[in-house]
Amino acid sequence: MSESGLIDNVIPRCHVIKRAARIGAEIKDIKLSADLPDQTITAINGLLLEHKVIFFRDQGHLDDAEQERFALRFGKLVPPALGAAEGTMAILELDSARGGVRADSWHIDISCMLAYPKISVLRGVVIPLVGGDTVWSNTATAYLDLPPPLQRLADDLWAVHSNAFDFAVTVRPTEADKKLYDDFLTKTRFETEHPVVRVHPETGERTLVLGTYLTRFVDIPKYDGQQLFNLFESHITAPENTVRWNWKQGDVVIWDNRATMHYAVKDYGNQGRVVRRVAIDGEVPVSVGGRRSVARTSRSAGSPP
């Protein structure tokens, strides 16, 4: 049976509702659990590869432990660099009341790492009455939108991704959290050279690799690099290339971190917002020419380069 036939047999197409033309689908009438049959997990993964991000309402039965167990069905879990939520091994809690990491910039999760996560699983715990949406973009269709000469240019470009990007804009630690963030930002430096275009290991698609963690292009002067960054990002973030999700408590969203970027909209004022994320270990990116990404730095600050 073909993959599409398996999906239709396990998750009927009438239960899969496209949310936008290029990206995103909502799967209805399924209760996520670590105990789902293998064929259901395979079908979910197939829909993820097709739609890049998939949405599930009414998953309030999941707690932290069950979220981790479910995510584990898709691969090895990645412990968060900033420390796991209490009582968990792999959950990163993003709590607006505690300051901490903000995600209101276009990014690929942890692209400063050599083999950054392939999949992220995010659960809505406390959702604002108004605002707090998340927007995802399709980096595969963004690549296809580039004129052929720009595709060839992108194919040859490499860029450095680092956790030493402008965290002053994206991090607002409270005093209680300050040491934790200082440890991450100053004591451990992750710096990786990735291709600007990677070949997706499961679909073969070419996807753009940019976002907040990108600090510079290799062998490109800063001014020219900024123009290139703006050019490629404009295709990634074009409205017709995106999908926007209006969260409700208990929602679960799964996205392919190799073929998307995302942006958490900070438009909810002082309302509380808590989401919890589990990331699944990914593969080292491979360029169009077959070259693999290279870790330039992974060390404690102050140690020899």
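**Charged pairs and backbone**

Me: Arg-276 first: buried or exposed?
Reply: Arg-276 is buried, with a relative accessible area of 18%. Buried means under 20% relative accessible area, exposed over 50%, and partly exposed in between (1.4 Å probe, protein chains only).

Me: What should I know about the model itself?
Reply: This is a predicted model, in which local features need pLDDT of at least 70 and side-chain atom pairs count only at pLDDT 80 or more, while totals for chains, interfaces and linings use all residues. Residues are numbered from 1 along each chain as its sequence is written, and side-chain values use heavy atoms, with hydrogens and water left out.

Me: OK. Which residue forms a salt bridge with Arg-276?
Reply: Arg-276 pairs with Glu-93, and their closest N and O atoms are 2.6 Å apart. Glu-93 sits in strand β5 (residues 91-95) and Arg-276 in strand β18 (residues 274-280), so the bridge ties together parts that are 183 residues apart in sequence. A salt bridge here is a side-chain nitrogen of Lys or Arg within 4 Å of a carboxyl oxygen of Asp or Glu.

Me: And Glu-93, how does that count?
Reply: Glu-93 counts as partly exposed, because its relative accessibility is 23%.

Me: What about Arg-277, which side chain does that one meet?
Reply: The side chain of Arg-277 meets that of Asp-109 in a salt bridge, 3.4 Å from N to O. This pair also links distant parts of the chain: Arg-277 is in strand β18 and Asp-109 in the loop between β6 (99-101) and β7, 168 residues apart.

Me: Why does Arg-277 count as buried?
Reply: Because its relative accessibility is 11%. Asp-109 has 3%, so Asp-109 counts as buried too.

Me: How many salt bridges does the structure hold?
Reply: The structure holds 22. One of them is between Asp-64 and Arg-123, at 2.2 Å from N to O.
Reply: Asp-64 is at 17% relative accessibility and counts as buried. Arg-123 is at 7% and is buried as well.

Me: Change of topic. Which phi does Lys-52 have?
Reply: Lys-52 has a positive phi of about 75°, although it is not a glycine. Lys-52 lies in the loop between α2 (38-51) and β3 (53-56). With 3% relative accessibility, Lys-52 counts as buried.

Me: And the phi of Asp-219, positive or negative?
Reply: Asp-219 has a positive phi of about 65°, and it is not a glycine either. Asp-219 is placed in the loop between β14 (214-217) and α8 (222-236). At 75% relative accessibility, Asp-219 counts as exposed.

Me: Whole chain now. How many helices and strands?
Reply: The chain has eight helices and 19 strands. Helices (H or I, at least four residues) and strands (E, at least two) are DSSP runs, numbered from the N terminus.

Me: What share of the residues count as buried?
Reply: Of the 305 residues in the chain, 55%.

Me: And the contacts?
Reply: Among contacts (heavy atoms within 4.5 Å) with a separation of 6 or more, 83% are between residues 24 or more positions apart.
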